[in-house]
Amino acid sequence: MNSTGGQTDGLEVALHHHFRSYEPDPRFLAQLRRTLLPSAADVRSSTRPPWHPQPHLRWRYAAAAIVLVLLAAIAAIGPTKVLAQIEQWIGYVPGLGEINLVGTRALVHPVSRTEGDITFSVVEFVASPDQTLVKIHVTGLPADASLSYLRVLVQWEHGNGLRMSKYQANPSYPPCPSEGCPAVRQPDGYDLQFAYEPLPADIQQIQLTFHPWGIVPGTSLSETWSLEIPLEPVTAEKPQSFVQPAYSPRSAVDTHFGIKMTVDRVFADTSRTLIVTSILVPTAPNFPSPQGASLSTDTGHMYEPFLFSNDLDLNPRPVQTMPPSAAGEATLTAWPSRWQFEAVNNQASRLTFTVDSIALAYRAQSDFEIELSKDPTVGTVIPLDVSLNIEGFYVHFNQALVVMATSSTQWSSNRVKALEFGIDSPLEVDGRKLTSIDLSHRYGQDYVDPYIDQKSGLTIGRLSLNPAVIRNGRMTISVDTVVLELRGPWVLTWDVPREAR
Amino acid sequence: MPENPATDPHSADLPEGEDALVRSSQEDPAAFGPLFDFYSPRIYYYALHRLGNAADAEDVTSRVFTDALQGLDRYRPKRHGSFGGWLFTIARRRCADHFRVSDSLPLSTLNPKDNSAGPLDEVISRDEQRRLDEILKSLHKSDLELLRLRFAAELTYKQIGDVIGKTEAAAKMSFIRLIQRLRLIWEGKDE
């Protein structure tokens, strides 16, 4: 028997075995517990400055300070110049994301070292104030080479005023870029990516050292291969080939149903166009899901995105709450999204980003009761008169029908009696379309495959009729989530700055 | 969608009064012990399957709990969701920081600890293990992540929802659909 009470199947056993086979070393956990817990009070007190007892308020001071600096700058040199300067401070490096260009140094041309059949090429080296990113391309390795053992050290010399000292850094490893972790195996070899702590600000020359033992047959444990890496400052006026300065098309805004969409930043080069957008919604407990996006140009070309990301785990731009800009306006929540397209036609001077519709999931948190016998027969119809109002969208359940449906416990599935719900209210009103309703009942359930209307595409949850969930001839149904698709289209148009073409 | 504890094998193991333990730990970190004991193996299993080797999994486990203790003051259930979900959000970030060669390496390259005498080994053949490896390799990253959160981390659907930014019902629906699809492949009906 499995943990859900059903029959154990081979898949369950295999998955449990796969994911729980390699137990942690109890000595490690014990040591970690001993190390962390007695010092926890110290760890926490060290993060709490004595001048302020409420650390969760610190960001407000930081934000206030930034606002004051910006206001002072705007007063001094004018808002247009300030915004233009902000745009120049930000660049985009594929694989690293948005970076601060101020204080960033980079490798100008790739450098390589060949040993026998094997060539290590450092194709990118970006030392920003936040971190140091290195991309390496390796060719000629044996097919069974295990690159997980590859260690690459960054070394540099740094003067302390009296003498030069040697320093070295192990990789701290990069976060996956927001567009997804890159595939490492390439047709001619491997692409590798490492990240390190930031280098000192005045370092313009470093040495990259590879330890080939364990990867390259015949090498010794002490063998190292080194490459000299000269670095040059990166600026918006003189970006390196892989650092793309951004521009911010402030004119690109469109609003429907109180939902505002903006194009915040555009990065473009010869290989791709990356657009960072925000969807600002008055109420949304979950991701707004944009549907049917495209990018078109004034040269008649049209592109569909090949990558879309709003995974906050990978996105350095957090969801923000935007206070109302004027009295009577709603507080908006801004959800960032990134879109990647192939490089647009270089003759284009005007771009249009279009989203056909946006789906929003609303938590309904509404209950209703139905009456039924302990073991109703298949085909029984229970008339209902239950209305819901989801942000002004009217939904009316007119019946529940007893059907046979597939029930899935965690590990097995079988046919069970279930309740299927009917709706007789319009599914689409004024550009808003009902697409999904999640239902549950109070006493738990085996999950039953939902009903999907092939014609309208509407998905409605079905509930299993386990006798245990019928109490005193009644069953309490909870409406959990209702998804509405709001039809736009949202059309955002902007001019491509001359220097970005 | 409320999850029935009786049908969720994972919630049955949760430490009693987790919310109270978290609140106590915010006052006195020494009270964090039971939470550490409950979640540390789960974080380890999760990290192991993200990163593919024990050394990195131990490193991430250490960093996650260091981060958690440093940030415990700022944890607010209403804003961050369940404590387990919050902890695994940190774990995901820490694992992402560790990314280097590939999202995960085959665990067959590891030396298993001394747990090979468990009953599961008696019923899992090497062929089945290899077959499962092949199936898992073919999955999308988001599907693998669901499996890791459920089997390695043993999170509830509510906690999984908190981690991946979905409602409990949506997380449950995604998981059940994935299992149904896997079962078809496993049983050879959808090769």
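**Cores, strands and helix packing**

Author: This is a predicted model. The largest nonpolar core has 55 residues, and those with the most contacts inside it are A:Val266, A:Ile275, A:Val344, A:Phe353, A:Leu360, A:Val482 and A:Leu484.
Reader: Which strand gives the largest share of this core?
Author: Strand 30 of chain A, residues 474-495. It supplies 9 residues.
Reader: What does A:Phe353 touch, beyond four places away in sequence?
Author: A:Ala252, A:Val263, A:Ile275, A:Leu295 and A:Leu492.
Reader: Which residues does the second, separate core include?
Author: B:Leu48, B:Phe65, B:Ala68 and B:Leu136 are among them. That core has 51 residues.
Reader: Back to A:Ile275. What is its bridge partner in strand 21 of chain A?
Author: A:Trp339. Strand 16 (residues 272-281) and strand 21, both of chain A, pair over 10 bridges in the antiparallel sense.
Reader: And strand 21 of chain A, how many of its residues are buried?
Author: 8 of the 11, over residues 332-342. So strand 21 of chain A is largely enclosed by the rest of the structure.
Reader: Zoom out. How many helices and strands in chain A?
Author: Chain A has 4 helices and 30 strands. Of its 501 residues, 31% count as buried.
Reader: What share of the chain A contacts, between residues at least 6 apart in sequence, join residues at least 24 apart?
Author: 66% of them.
Reader: Now chain B. How many helices and strands there?
Author: 10 helices and 0 strands. From the N terminus on, the elements run α-α-α-α-α-α-α-α-α-α.
Reader: What share of chain B is buried?
Author: 41% of the 191 residues. For contacts in chain B between residues at least 6 apart in sequence, 63% join residues at least 24 apart.
Reader: Let's do helix 9 of chain B. Why call it largely enclosed?
Author: Because 8 of the 8 residues of helix 9 of chain B, residues 157-164, are buried. Those are B:Tyr157, B:Lys158, B:Gln159, B:Ile160, B:Gly161, B:Asp162, B:Val163 and B:Ile164.
Reader: What comes just after helix 9 of chain B?
Author: B:Gly165, with a positive phi of about 75°.
Reader: At what angle do helix 9 and helix 10 of chain B pack?
Author: About 100°, with their axes 8 Å apart. Helix 10 of chain B covers residues 168-186. That angle makes helix 9 of chain B roughly perpendicular to helix 10 of chain B.
Reader: Which residues make the contact?
Author: From helix 9 of chain B, B:Tyr157, B:Lys158, B:Ile160, B:Gly161 and B:Ile164. From helix 10 of chain B, B:Glu168, B:Ala170, B:Ala171, B:Lys172 and B:Phe175.
Reader: How many of those are nonpolar, polar and charged?
Author: By class, this contact of helix 9 with helix 10 of chain B has 6 nonpolar, 1 polar and 3 charged residues.
Reader: What about helix 8 of chain B against helix 10 of chain B, what angle?
Author: About 105°, and the axes are 10 Å apart. So helix 8 of chain B is roughly perpendicular to helix 10 of chain B.
Reader: Which residues meet there?
Author: B:Asp143, B:Leu146 and B:Arg150 in helix 8 of chain B meet B:Ser174, B:Phe175 and B:Leu178 in helix 10 of chain B. The residues of this contact divide into 3 nonpolar, 1 polar and 2 charged.

Definitions and conventions
Residues numbered from 1 in each chain as written. Chains lettered and ligands numbered in written order. Predicted model: local features only at pLDDT ≥ 70, side-chain atom pairs only at ≥ 80, totals over all residues. Helix = DSSP H or I, 4+ residues; strand = E, 2+ residues; numbered from the N terminus. Buried ≥ 20, exposed ≤ 12 C-beta atoms within 10 Å, placed from the backbone. Contact = placed C-beta atoms within 7 Å. Axes fitted to C-alpha atoms, helices over the stretch in contact; angles between N-to-C directions. Parallel < 35°, antiparallel > 145°, perpendicular 65-115°, else oblique. Nonpolar A, V, L, I, M, F, W, Y, C, P; charged D, E, K, R; others polar. Core = buried A, V, L, I, M, F, W, Y, C linked by C-beta atoms within 7 Å. Pairing = 2+ DSSP bridges.
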